[in-house]
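Here is a short tour of a protein model, written for someone just starting out. Have the structure open while you read.

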Amino acid sequence: LHTSNIHLYPLSSVLHTISPSVEWKKDKSSQYHSQQDREDILVLQCLVFLFQLVIGRMGLCCAGCCAYGICHPALWNSYCCPLALAGQVMSRLKLTWTANEGTSAQALATFRILLGISIAFVVADNILFLYPSYFHEMPKDPYNKYENEQYREYVMRFGFCRMVLRVIFNLFAVYVVWKTRAYIREKYSIPARCCGECEDCCCSFWCTCCTIGQMARHTADYETYAAICCNDTGLPSHVPNIV
């Protein structure tokens with residue numbers, strides 16, 4: 001392996017800036033001194049490739065989410081109340097709140113049900129967070145081991161309940177987004193680009209907000225119709241149904 005054959009992509013200079021102490025030394029026969037040198041090059045090349053891949057994906061994601069401006073209702077809904085935006089998308093597709101096909105009447109309730117679940121989650125999460133501090137008597141004597149242990153156990157019980165609540169809510173959100181994305185891909189014959197049949201699950205789990213925003217843009221023509229923050233479909237009432 002010769003230095004002239006090393007190609008670290010366009011970010012080689014960045015790597016040198018990050019690790020200026022790395023020196024590629026050669027002996028008289030133009031060979032690297034050890035196997036470790038070759039392994040270092042391979043690792044750095046892999047890191048550069050992954051860095052470029054991640055930055056590229058993030059750039060595409062951000063560009064798509066901000067395609068209609070940073071004040072667009074769908075953008076803010078996807079990050080502040082993703083389940084509500086998912087409910088609007090599902091209403092457009094005539095899906096129930098469990099992401100199954102339903103009637104028009106059932107689809108009209110989807111947004112309201114998911115918005116209600118989101119509000120109930122926020123209220124319950126804050127109650128579990130604030131109750132031990134504001135509604136329970138603090139230990140009067142900081143040096144009383146018994147009182148401190150009791151209070152600590154009390155707080156831990158509420159913390160555990162809060163953790164369970166968050167896990168259940170997030171798993172439900174991932175499940176709903178997963179099924180909705182799979183339904184859209186099947187409806188419009190969109191092939192998976194990576195991960196095969198696991199793509200919907202992976203996108204819903206790792207990039208929930210961006211995935212919901214992507215579905216919202218796919219099921220609405222925001223260039224023609226203005227987005228609405230809080231109604232059943234996120235679109236004006238005169239907008240025709242999705243074909």
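Is arginine 162 buried, partly exposed or exposed? With a relative accessible area of 22%, arginine 162 is partly exposed. Here buried means under 20% relative accessible area, exposed means over 50%, and partly exposed is in between (1.4 Å probe, protein chains only).

Before going on, a word on the ground rules. This is a predicted model, so local features need pLDDT of at least 70 and side-chain atom pairs count only at pLDDT 80 or more, while totals for chains, interfaces and linings use all residues. Residues are numbered from 1 along each chain as its sequence is written, and side-chain values use heavy atoms, with hydrogens and water left out.

**Salt bridges**

Side chains of opposite charge can pair when their charged atoms come close. The cut-off for a salt bridge is a side-chain nitrogen of Lys or Arg within 4 Å of a carboxyl oxygen of Asp or Glu. The structure holds six of them, including these:

| Aspartate 125 | Arginine 162 | 2.9 Å |

Take the pair of aspartate 125 and arginine 162. It links distant parts of the chain, with aspartate 125 in helix α6 and arginine 162 in helix α7, 37 residues apart. Helices are DSSP runs (H or I, at least four residues), numbered from the N terminus. Aspartate 125 counts as buried, at 7% relative accessibility.

Glutamate 199 is buried at 5% relative accessible area, and arginine 181 is buried at 10%.

Aspartate 200 is in helix α8 and arginine 185 in helix α7, so the pair ties together parts that are 15 residues apart in sequence. Both aspartate 200 and arginine 185 are buried.

**Helix α6**

How far apart are the end C-alpha atoms of helix α6? They are 35 Å apart, which agrees with the 36 Å that its 25 residues (110–134) should span at 1.5 Å a residue. The expected span is 1.5 Å times one less than the number of residues. Helix α6 does bend by about 25° at leucine 128, and proline 132 follows within four residues. The bend is the angle between axes fitted to the seven residues ending there and the seven starting there. Among the buried residues of α6 are Phe111, Leu114, Phe121 and Leu128.

**Cysteines**

A disulfide is a covalent bond between the sulfur atoms of two cysteines. The rule used here asks for a pair of cysteine sulfur atoms within 2.5 Å, and the count comes to zero disulfides. Cysteine 230 is exposed, with a relative accessible area of 59%. For cysteine 201, the closest cysteine sulfur is 5.6 Å away in cysteine 202, again too far for a bond. Cysteine 201 is partly exposed, at 27% relative accessibility.

Notes:
Helices (H or I, at least four residues) and strands (E, at least two) are DSSP runs, numbered from the N terminus.
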